[in-house]
Structures are given as structure tokens and as C-alpha cells.
Amino acid sequence: MSQTQDTSVILVCAGNATRMQGKNKILLPLGDTNVIGMSMRAFEACPRVAEIIVVARPADHDAIRETAEQCGITKFHAIVAGGSTRQESVMCGLRALSKGTTMIAVHDGARPLVKTEQIAQVIQDASVFGGATLGVPVKDTIKVVNDRLIVDTPYRPHLYITQTPQVFKRQLYFEAVTFAEEHALDFTDDCQLIEAINCKVYMTEGDYINIKITTPEDIAIAEILLARQKEEA
């Protein structure tokens, strides 16, 4: 393994597709492949990525393997079944890690438009700070509401929309996972694991096009953003 290839990527794709009318969003067509194919390509092109581990429903494993082959993904290392929660699914991916990597990147498989250069930047920032995540400043004023009444207005310059990948030094991440398991904590965001052991996570400036495919309309938006990227290239 090259010294520069120090990062294991866990692509989390184990959702139940309840908001996609039963269709698995990661297998929906996008560009010249599908959603998961686009996500894998972005990490394949990053020099520091050593391996890609996909966590997905067993029924989708064959289609994902086929996609990886069609896209020429040489860093495809393993595919495993997920758990009942996002955190449990990531844990399943952790068991497939190779021993030689020192960084762990967790990414939503349904974020197909992440840019390779931003993947490289967030890995670099995590190497310095221990943990880092992509994110973008919120554009709207946010209100805290209780019983339909506004109770607070957070200071907008302090608010970011958190994206993925979220990247951490391997030893730090496993320390946080152990803490969560010992205290029966379950989080929807990997940064919360690190925050739970009182460590800071660096916010790497991301891009608003790094959207998460959640509803059928998002695919149409992703196609438009993808076409615009090609025009600008």
C-alpha cells in the first residue's frame, strides 16, 4: 500500500427507501451510471483513498458490485450488510477495514456529486485536527420552535449545514465508537461520536452541489447540477 493511500472509505447505502416510493435511491440512473457509481468514482479518483467499503441491503449487493465493475472501481474492497440504524451500519463497515489505513472517511452513498478535490481537502484537515467534515454555511435564518412558537434565533454566521464525507483518525474514531457502545449512545451523525468524547471536529468548506438524494425530485436536480459541472469543465 502506498504511503499516500492511508484512507478507508465507508459508503453508507443501507436505507430502506421509504421516501423514494420503494426504489433504492443509490441505484437510480444518474449521468452515465447511477447514484452509487458516481459516489464511488469520486473516491476512486482521490489519491489518498486506499479502499472503498460499501454498506448496503443484501438485495442490492449484486447490482452494486456490477456498478463498481462497470465504473472501473479498482479500490472497491468489500460490501457488507447494514444494521438497523445508521450508526450500526457504519459499525458493520468498520469490521471490513484493512489494517494498514490510518484514516476513516464515512460518506452517504446518496451524495453522488461530492468533488474529489474536496474529499482530498477534508482528509487533509482531519489529518491535522483529528476529525473534519464537509459543510456549507446556512443561507436562511434558522428558528428554534417549541409548540409552534419561536423560542430562539441562532446567530446565522455560526450555523453550517453538515455534509459528508466526515473523516477521522482511525484511533480517535474507534475510541469514540467504544465510548458510544459502552454508554448505549446512537447518533445519526459521525461527528457526534467525536463530540461525545469532548473532541473538536474541523468544518471544511464544502459545496452546495453536494446534495443528498432523498426524494425523486432530487435526482432531477442532480442531473441539472451534473450537466452544469460538465459545461464548466
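What percentage of the 233 residues in the protein chain do buried residues make up? Buried residues make up 50% of them. Here, buried means under 20% relative accessible area, exposed means over 50%, and partly exposed lies in between (1.4 Å probe, protein chains only). The model is predicted: local features need pLDDT of at least 70, side-chain atom pairs count only at pLDDT 80 or more, and totals for chains, interfaces and linings use all residues. Residues are numbered from 1 along each chain as its sequence is written, and side-chain values use heavy atoms, with hydrogens and water left out.

The protein chain holds 7 helices and 11 strands. These are DSSP runs, numbered from the N terminus (helices H or I, at least four residues; strands E, at least two). Along the principal axes, the C-alpha atoms fill a box of roughly 50 × 40 × 35 Å. A contact means heavy atoms within 4.5 Å. Among contacts between residues at least 6 apart in sequence, 75% join residues at least 24 apart.

The interior comes next. A nonpolar core is a set of buried Ala, Val, Leu, Ile, Met, Phe, Trp, Tyr and Cys residues joined through side-chain atoms within 4.5 Å. The largest such core has 28 residues. Within this core, Leu11, Phe43, Ile52 and Val54 touch the most other members. Seven elements are listed as each supplying at least two of its residues: β1 (7-13), α1 (35-44), β4 (49-56), α2 (61-70), β6 (103-108), α4 (116-129) and β7 (131-137). A second, separate core has 25 residues, including Ala78, Cys92, Ala180 and Cys191.

Leu11 shows how the parts of the chain meet. Leaving aside neighbours within four places in sequence, Leu11 is in contact with Ile36, Ser39, Met40, Phe43, Ile52, Ile53, Val54, Val55 and His107. Helix α1 is mostly covered, with 9 of its 10 residues buried. Among the buried residues of α1 are Ile36, Ser39, Met40, Phe43 and Glu44.

The structure holds 2 aromatic pairs. Rings of Phe, Tyr and Trp (its six-membered ring) pair if their centres lie within 6.5 Å; planes under 30 degrees apart count as stacked, over 60 as edge-to-face and the rest as tilted. Phe129 and Tyr202 form a stacked pair, because their ring centres are 4.4 Å apart and their planes are at 10°. This pair links distant parts of the chain: Phe129 is in helix α4 and Tyr202 in strand β11 (residues 202-205), 73 residues apart. Phe129 is partly exposed, at 47% relative accessibility. Tyr202 is also partly exposed, at 35%. Phe168 and Tyr173 are stacked too, with ring centres 5.3 Å apart and planes at 20°. Phe168 is buried, with a relative accessible area of 0%. Tyr173 is likewise buried, at 0% relative accessibility.

A charge also sits over a ring. The rule requires NZ of Lys or CZ of Arg within 6 Å of the ring centre and within 35 degrees of the ring normal. Lys139 lies over the face of Tyr208, at 4.2 Å from the ring centre. Tyr208 is also in contact with Pro137, as are Leu159, Tyr160 and Glu205. Pro137 is in strand β7 and is partly exposed, at 24% relative accessibility.

Backbone geometry follows. Most residues other than glycine have a negative phi, and most peptide bonds are trans. The peptide bond from Thr164 to Pro165 is cis, with omega near 10°. Pro165 is in strand β10 (residues 160-169). Asp147 is not a glycine, yet has a positive phi of about 55°. Asp147 is in the loop between β8 (144-146) and β9 (149-152). Arg148 is found in the loop between β8 and β9, and its phi is positive, near 70°. Asp147 is exposed, at 69% relative accessibility, and Arg148 is exposed at 80%.
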